[in-house]
Amino acid sequence: TGNTAAAWTKFIPNGYDRSFYIPLGVSIDKNPASPNFGKVYVSNAGPGTTTGGGNFQRNTPRGIYVLRADGVDTGEFGDGGVAWGGTLGPNKSCIGPDGHLYIADTSADLCYEIDPNDLSTAVQLIDASNKTDQQYVNSIWVTGTQAGGDRKIYLVNGRYTDPRVGLI
C-alpha cells in the first residue's frame with residue numbers, strides 16, 4: 001500500500017507452487033464483490049519442468065493456474081479444453097467486468113473466454129469470420145458484458161507488417 005517502496009520489492013517469496021515453465025500472462029480479480037476476489041490467474045504457455053531445482057522444480061502443463069492473493073496455489077488448474085498454439089498460448093489475459101477470464105492465444109491468433117469457476121471449458125471469441133490472416137493477437141482487454149449487450153473486446157495486433165498494427 002502507499003508508495004513506501006523505494007524500488008522493486010518482492011512481497012511473496014519463491015516457492016514450488018509459484019514456479020511455472022513459461023508464464024506469459026497474469027490477471028488478478030480485483031472486484032471486492034466477486035467470490036474470486038484476490039485470486040491470481042497465471043497463463044502457463046508451454047508445458048515443461050521448471051529449472052528452479054530442489055523444492056522449486058515441478059512439471060507444469062500448459063494452461064491456467066490459480067493462486068491465492070498470498071501466492072499459494074489453490075490447486076485449481078484447467079486448459080479450457082483448448083489445444084493452445086505453439087509456445088505463446090495461453091498468453092496475456094484480463095478479468096472482464098463480468099468476472100470472466102479473457103485470454104489471448106498469440107501462437108494461434110485467437111482469444112477465449114473462460115468462466116473462472118470452470119477452467120475446463122473455454123469459448124472461442126474470434127475465428128476466420130472476424131479476423132484477418134495478417135492479424136497477430138498479442139494481448140486482450142474487455143469492457144462491458146455480454147449479458148448487458150455492451151461487451152467490447154480490444155485486441156492488440158502485433159504484426160508489424162499489417163497496416164492495422166495496434167489496437168483493433
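Hi everyone, a word on classes before we start: Ala, Val, Leu, Ile, Met, Phe, Trp, Tyr, Cys and Pro count as nonpolar, Asp, Glu, Lys and Arg as charged, and the others, Gly among them, as polar. What we have here is a predicted model, where local features need pLDDT of at least 70 and side-chain atom pairs count only at pLDDT 80 or more, while totals for chains, interfaces and linings use all residues. Residues are numbered from 1 along each chain as its sequence is written, and side-chain values use heavy atoms, with hydrogens and water left out.

Let's begin with the pockets. Rolling a probe the size of a water molecule over the atoms shows where empty space is left. A pocket is an open set of points on a 1 Å grid over the protein atoms alone, where a 1.4 Å probe fits and protein lies on both sides within 12 Å along at least five of seven lines; lining residues have an atom within 4 Å of a point. A volume is the space filled by probe spheres set on the points, which are joined across faces, edges and corners.

The largest pocket holds about 440 Å³ of space. Its lining has 17 residues, and Ile12, Pro13, Arg18, Leu67 and Gly71 are the closest to the centre. Sorted by class, that lining has ten nonpolar, four polar and three charged residues.

The second largest pocket has about 230 Å³. Here 14 residues form the lining, with Ile28, Asp29, Lys30, Ile95 and Gly96 nearest the centre. Strands E1 (23–28), E7 (93–95) and E11 (137–143) are the elements that give two or more residues to this lining, a strand being a DSSP run of E, at least two residues, numbered from the N terminus. Which strand gives the most to it? That is E7, with three residues.

E7 takes us to a sheet. Four strands make an open sheet in the order E7-E8-E9-E10, with antiparallel pairing; two strands pair if DSSP finds at least two bridges between them. E7 and E10 (122–124) stand at the edges with a single partner strand each, so one side of each has no neighbour in the sheet. From one strand to the next, the twist averages 25 degrees, taken between the N-to-C directions of lines fitted to C-alpha atoms, on a scale from 0 to 180 degrees. Between E7 and E8 (residues 101–105) there are three bridges, and Cys94 has Tyr102 of E8 as its bridge partner.

Staying with Cys94, is this residue buried or exposed? Cys94 is buried, at a relative accessible area of 3%, where buried means under 20%, exposed over 50% and partly exposed in between, using a 1.4 Å probe and protein chains only. A disulfide is a pair of cysteine sulfur atoms within 2.5 Å, and the count by this rule is zero. The cysteine sulfur nearest to that of Cys94 belongs to Cys111, 9.6 Å away. Cys111 is buried too, with a relative accessible area of 0%.

Last stop, strand E5 (residues 63–67). Five of its five residues are buried, so E5 is largely enclosed by the rest of the structure. Five bridges link E5 to E2 (residues 40–44), running antiparallel, and Tyr41 is partnered by Val66. E5 also pairs with E6 (residues 73–78), again antiparallel, over three bridges, where Leu67 is partnered by Asp73. The E5 and E6 hairpin has five residues between the strands, and Gly71 takes a positive phi near 90 degrees there. Remember that Leu67 and Gly71 were also among the residues closest to the centre of the largest pocket.
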